[in-house]
Amino acid sequence: MVEAFAVASGKGGTGKTTTTLALGMALAERYDVTVVDADTGMANLLFHAGLADAPVTLQDLLAPDGSAVDVADATYERHGMRVVPCGTSLAAFERSDPARLREVVAELAADTDVLLLDSPATLASKSAVLPVVLADRVVVVTQPTIPALSDALKVQEYATSYGTGVAGVLFNRVRGDLGSVESQAERYFEGPTLGSVPDSDAARAARDAGEPLLAHAPDSDAARAFREVAAGVDPEPKAAGDVADRFRSAVVPERP
Amino acid sequence: MTGDAPDAAGPSPTPASASTPPSTDRLPRGELVRAGVATAFVTPLSAALDDGLTGYLRIEPGEALLGGDGGEAVVTLDDGVPVLAYDAGGDADGPAALAALAGAEPVRVESYRLPASTLAALHDPAADAPTPFRVAPDAPARELAGDDALAERTRAAAPDDREGPGDHDALAAFLADEERVEAVRADARAEARARADEWGLTDQLDTE
């Protein structure tokens, strides 16, 4: 039984990777969770997850001869969840065949409850939009600014255009009091406002330490807020075969 | 475009106070230090900060450049840090002026230098009743440019006592404009469908 979530923002710098790993760790207390760095063009999840030296990554699975590599070899048990990092080699990126992402995700979907796809911070290419197209629901991450919220609305409209549901919107890196913004925003998003996470030095320190925030500073205000957000995300299990089949039958993305 | 604005060497304009909009009708013209069309707000805002410009930016939104009636907006600066904002096109003050300007690129921006003494009465929060035109120092960088690094630099450059209104008032003003938010959503839906066609994803679209 599995539900696939795309964690997406549209705009960069919203703390999407921090969010993906925080939600993953919090949900791992109740579910079997797998996190995938689907941002193959700007991979950075490996730095957040202490996997900078990972010998095998998603890039190896996406290589033309990637079928010789076992998905399990690029899957790491970290902090109570499974993590599939993506490498940052430009040469490997150029060699990679994004079409294979479908197979990898389909295989992962067969063996987990919650699949979190850390999505690219853009909607400008077919590869970038694919996690949003294929996921069951999208968790929209935004900072409380007009440009970020406009991009968040854009992600939502892309998602719903493809029949992808909206799990909710999360305000991240919040400075000061949001005032009426949360309730105002709720009128425009298909899902609820999941919560707001304060801007935190702890999040930056965690990234520098190569640890997810919830492992590095579990008692920080930001970590507490992320756990509250996760409590509001109620995965709706589907037959694993459905998700796997959807990914398998998905259109082939173009080469990067 | 600035034909109605008094020249720096001409007679002094009406003295501004906290309750009168910081518009080009009210401000002395000052010395033009830079002018051009910006495709992103980060360019004129970071240039003003780097120069430590005291004066104002006169901003003409893209729709005005294309012949629409977009009016003009003014953001005043003290040592490169934004203090007041007024959008004459929509008669919007402070945070609401930023909300009105957000996403208006390309914009034509003229940067003018003024003596600090000319702006002192307008900028001094203790001089008069709280002005509705005041913005948080980093609000233009956040809300117009969407640039965290520039916002951080601007905050660092601002005096400690230079507080604006609520941190998120501009976003609240944006969200209060239902018609505008719905337009953003409608544009995104149209874009999603156009790109689906371009990318061969039409079969994946939800047609219900």
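Student: How many salt bridges does a search of the whole structure find over all chains?
Tutor: Side chains of opposite charge can pair when their charged atoms come close. In this predicted model, one such pair is Arg108(B) with Glu110(B), at 3.4 Å from N to O. Taken over all chains, the search of the whole structure gives a total of 29.

Student: Which side chain of chain A meets Arg185(B) in a salt bridge at 2.6 Å, N to O?
Tutor: Arg185(B) lies in helix 8 of chain B, residues 178-199, and the pair crosses between chains to helix 7 of chain A, residues 146-161. The partner there, with N to O at 2.6 Å, is Glu157(A).

Student: Is Glu157(A) buried or exposed?
Tutor: A residue counts as buried when its relative accessible area is under 20%. Arg185(B), the other member of the pair, has 8% and is therefore buried. Glu157(A) has a relative accessibility of 1%, so the class that applies to Glu157(A) is buried.

Student: Where in chain A does Glu190(A), which meets Arg185(B) in a salt bridge, lie?
Tutor: The side chains of Glu190(A) and Arg185(B) meet at 2.8 Å, N to O. This pair also crosses between chains, with Arg185(B) in helix 8 of chain B. Glu190(A) has a relative accessible area of 51%, and because exposed means over 50%, Glu190(A) is exposed. On the chain A side, Glu190(A) sits in the loop between helix 8 (181-186) and strand 8 (193-198).

Student: In what order do the eight strands of the open sheet of chain A lie?
Tutor: Strands of a sheet pair through backbone hydrogen bonds, either parallel or antiparallel. Here the pairing is mixed, and the edge strands, each pairing on one side only, are strand 3 (76-78) and strand 8 of chain A. From one strand to the next the twist averages 25 degrees. The order of the strands is 3-4-2-5-1-6-7-8.

Student: How many residues of strand 5 of chain A are buried?
Tutor: Strand 5 of chain A covers residues 114-118 and is mostly covered. Val114(A), Leu116(A) and Asp118(A) point one way from the strand, while Leu115(A) and Leu117(A) point the other way, and all are buried. The count for the strand is five of five.

Student: In strand 5 of chain A, which residue is the bridge partner of Asp37(A)?
Tutor: Strand 5 of chain A runs parallel to strand 1 (residues 3-8), with five bridges joining them, and in that pairing Glu3(A) stands opposite Val114(A). Strand 2 (residues 33-37) of chain A is also joined to strand 5 by five bridges, and these two run parallel. The bridge partner of Asp37(A) is Asp118(A).

Student: What angle does the direction of helix 1 of chain A make with that of strand 5 of chain A?
Tutor: Helix 1, residues 16-27 of chain A, packs on the sheet and touches several strands, including strand 1, strand 2 and strand 4 of chain A. Strand 5 of chain A is among the strands touched, and the angle between the two directions is about 170 degrees.

How values were computed:
Residues are numbered from 1 along each chain as its sequence is written. Chains are lettered from A and ligands numbered from 1 in the order in which they are written. This is a predicted model: local features need pLDDT of at least 70, side-chain atom pairs count only at pLDDT 80 or more; totals for chains, interfaces and linings use all residues. Side-chain values use heavy atoms; hydrogens and water are left out. A salt bridge is a side-chain nitrogen of Lys or Arg within 4 Å of a carboxyl oxygen of Asp or Glu. Helices (H or I, at least four residues) and strands (E, at least two) are DSSP runs, numbered from the N terminus. Buried means under 20% relative accessible area, exposed over 50%, partly exposed in between (1.4 Å probe, protein chains only). Two strands pair if DSSP finds at least two bridges between them. Axes are lines fitted to C-alpha atoms, for helices over the stretch in contact, and angles run from 0 to 180 degrees between N-to-C directions. Contact means heavy atoms within 4.5 Å.
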